Amino acid sequence: MRSLVPIGRGIVCLVVMTAGLAQGQDDRVAEEAKAWQARRVTEFAKYHIQQVSPQGEVPVMFEKASALSWSNPIRKTAAGAVFLWTIEGRPQLIASTYPYEQGIEQEFTSLSPHPLLIRSAGGETHHMTPGVEWKDVPDAEPPHKQRALRLTQMRRIAERFRVQGSGDNKFETRLLTQPVYRSPVESKIDTAVFTFVQVTDPEAILILETTETSSWRYALARMTTFPIVAHLDDQPVWELPSCYYTRMNDNLAFRTLQIPGAK
């Protein structure tokens, strides 16, 4: 019986050591993820982005906090992040970034009603066309006066949409019910950005916002090179073809930039 005491203590020590090692590994993973995110913020912060409006060039503000951290084991992408740029609280540009074979790739999607200019620290200028087409949300209750209840309304509207990959790359997406961005309380227009994801990888976004006529409107935008379609209440409302071969081109609403050697 006495021989069981040291064995029991050994088991306890082993459990404690294993737990300590696991905690240490978790801490390292968390620190590496934090450092990876910080490098992506630094990369995006170097861009000078402006909206070309009828009144001239308007600076677009970079929201430094990541709107979404994601991964996609189906496509063997271990880490990704989403960032936004805004004007007076309204989203104008969204970008998803992730590793590729030679470095880091960035996918930009215009959400602006006007052209955008993306100027890099190296002096390059990239042009993007207006990226969204606004439509009224049918059969929706007027926006509630209370902000919290408007969010509930937004979620119910978002649940009416279904987004899928189409063509030769069919895939299903699911709605993240928590918006990745919502305009500040003081904004004149209440805007929310919802994402449709594969695993947690964003494939498309849905923007919902109030209007001056006490109604709702929506816009959809791609975050993938694959062909994609959307239905509202089972009725087709949006379809885009593949843009894989044009993803590096200027003067489009979606384009990618690459940073070779970045980690």
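**Note on the sheet and salt bridges**

1. Strands β10 (residues 161-165) and β11 run antiparallel and are joined by two bridges. Within that pairing, Q164 has E172 of β11 as its bridge partner. Strands are DSSP runs of E, at least two residues, and helices are runs of H or I, at least four, numbered from the N terminus. Two strands pair if DSSP finds at least two bridges between them.

2. This is a predicted model: local features need pLDDT of at least 70, side-chain atom pairs count only at pLDDT 80 or more, and totals for chains, interfaces and linings use all residues. Residues are numbered from 1 along each chain as its sequence is written, and side-chain values use heavy atoms, with hydrogens and water left out.

3. The open sheet has four strands, ordered β11-β10-β16-β17, with antiparallel pairing. β11 (171-172) and β17 (235-240) are at the edges with a single partner strand each, so one side of each lacks a neighbour in the sheet.

4. There are twelve salt bridges (a side-chain nitrogen of Lys or Arg within 4 Å of a carboxyl oxygen of Asp or Glu). One of them joins R40 and E43 at 2.6 Å, N to O. R40 and E43 lie three residues apart in helix α1, about one helical turn.

5. R150 and D190 form a salt bridge at 2.8 Å, N to O. R150 is in helix α2 (residues 147-158); D190 is in the loop between β12 (174-182) and β13 (191-198), 40 residues apart. R150 and D190 are buried. Salt bridges with shared partners join R147, R150, R182 and D190 into one network.

Conventions:
Buried means under 20% relative accessible area, exposed over 50%, partly exposed in between (1.4 Å probe, protein chains only).
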